[in-house]
Amino acid sequence: MLKDKNIIVGVTGGIAAYKAADLVSRLKKEGANVEVIMTENATKFVSPLTFQTLALNPVYKEMFKEPRNYDVEHISLAEKADMFLIAPATANVIGKIANGIADDLLTTTIMATKARVVFAPAMNTNMYINPIFQRNMEYLKELGYEFISPGVGMLACQTYGPGRMAEPADIVEYVKNSFCNKDLIGKKFLVTAGPTIEPIDPVRYVTNHSSGKMGYKIAEEGQKRGAEVILITGPTHLTPPEGVKLIRVNTTMEMFNAVKDHFDECHVLIKAAAPLDYRPEVVSDVKIKKKDTEKDELNIKYIRNPDILDHFGNRKKEQIVVGFAAETNDLVENAREKLQKKNLDFIVANDISRDGAGFKLDTNVITIIDKAGNVIDYPILDKGEVARIIIDKVKAMMENKS
Ligand code: PMT
């Protein structure tokens, strides 16, 4: 994915500098050509030799020294870079760049580059929330500099809060995504994910096993490829993909209304969610008390929720509408029936009783059936790969329409 990309990693002086070694190693494994510039302070945390060995390139530190080549180092690095990645980025380096200070090799090179510059901040929580730092960061964002949000957790300085550098694996993911083919710019996707929940009383509710993983991967793939993505999600434990507009809902009616609010403005609706088909007719507004008798029973009458996909599939204009079918038997027959009844462009059928398919897992096994009658079976795949296949098919259909 990063083959032939020149990534200049700027390492500044913070304890997270040790994580930058892992970052460089991961970028190399992805095929990037990595060159490292260290600030003076960074060399106090990690030896330049570490980075030189991992990057298989010399490490740059000083502004004024005998040149290795006959070009001016900060200019040649600035020009060859496809991306500058400053990790860890201290409050100091961010403050300097925001204020036009170029007093060492790293800040001078950043000032001289036209390449994208991405900061992965790492600092004490109070420094991170300090309005001066926040103002500098916001100003740089306005100018087009990019930031990878730090994590929240226990920091080396024994405080708890935001400021911990994003994990190297997540930074590499960000870098890979940003070089991904942006073939969906100008398209709006509406994706639903996760379960819905239907309350019984203020304490209890009914739901299903959906984790949201399938829908989140679809939203992430669309966003990576440049689409504007609205992700309508039932309750999940997942971290939403960066850059998508997130709408959280609980019940199927809430999901219905959220889809209704955005359907007309979207080019594509993909319904990977597993909304509950029924809800209790009456929701008690006080906790239902159990009785201390052996024969105690709780009988709840359930009534039908709207079928969101059916509703919008049958009202679509130019939109491409994609459904899922979670089945335990007669996969293709049942899915084909849903495809027709709900007026879909294609349906992604998964037999949730199969190994490696369905709820909660990182993998799925799908069969895609489209309105032209094509049926394609896929082997067990990572849900990210399934998402790519679905988005590729949506894109091909959009091209055929225009
Ligand atoms: O979330 P994960 O843990 O990753 O699991 C993924 C998944 C199994 C939930 C996903 O791959 C999947 O199959 N989603 C659809 C689940 C489902 O509700 O299937 P269904 O066959 O009951 O519904 C068919 C289609 O109608 C689905 O697109 C569903 O979103 C939609 N539907 C269903 C009921 C309803 N009231 N409104 C709907 O829009």
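1. Start with a charge over a ring: Arg116 lies over the face of Phe179, 5.8 Å from the ring centre. To count, NZ of Lys or CZ of Arg must be within 6 Å of the ring centre and within 35 degrees of the ring normal.

2. Keep in mind that this is a predicted model, where local features need pLDDT of at least 70, side-chain atom pairs count only at pLDDT 80 or more, and totals for chains, interfaces and linings use all residues. Residues are numbered from 1 along each chain as its sequence is written, and side-chain values use heavy atoms, leaving out hydrogens and water.

3. Now the ring pairs. The structure holds five aromatic pairs. Rings of Phe, Tyr and Trp (its six-membered ring) pair if their centres lie within 6.5 Å; planes under 30 degrees apart are stacked, over 60 edge-to-face, and the rest tilted. Phe119 and Phe147 are a stacked pair, 5.0 Å centre to centre with 25° between the planes. Phe119 sits in strand β5 and Phe147 in strand β6, so the pair ties together parts 28 residues apart in sequence. (Strands are DSSP runs of E, at least two residues; helices are runs of H or I, at least four; both are numbered from the N terminus.) Phe119 and Phe147 are both buried, which means under 20% relative accessible area, with exposed over 50% and partly exposed in between (1.4 Å probe, protein chains only). Together with Tyr145, Phe119 and Phe147 form one aromatic cluster.

4. Which salt bridge does Asp183 form? Its partner is Arg225, with the closest N and O atoms 2.9 Å apart. (The rule: a side-chain nitrogen of Lys or Arg within 4 Å of a carboxyl oxygen of Asp or Glu.) Asp183 is in the loop between α9 and β9, and Arg225 in the loop between α10 and β12, so the bridge ties together parts 42 residues apart in sequence. Asp183 is partly exposed at 22% relative accessible area, whereas Arg225 is buried at 6%. Both belong to a salt-bridge network that also includes Glu221 and Lys224.

5. Asp370 and Lys393 are worth a look too: their side chains meet in a salt bridge at 2.9 Å, N to O. Asp370 lies in strand β20 and Lys393 in helix α14, so parts 23 residues apart in sequence are tied together. Asp370 is buried, at 5%, while Lys393 is partly exposed, at 22%. In total, the count comes to 30 salt bridges.
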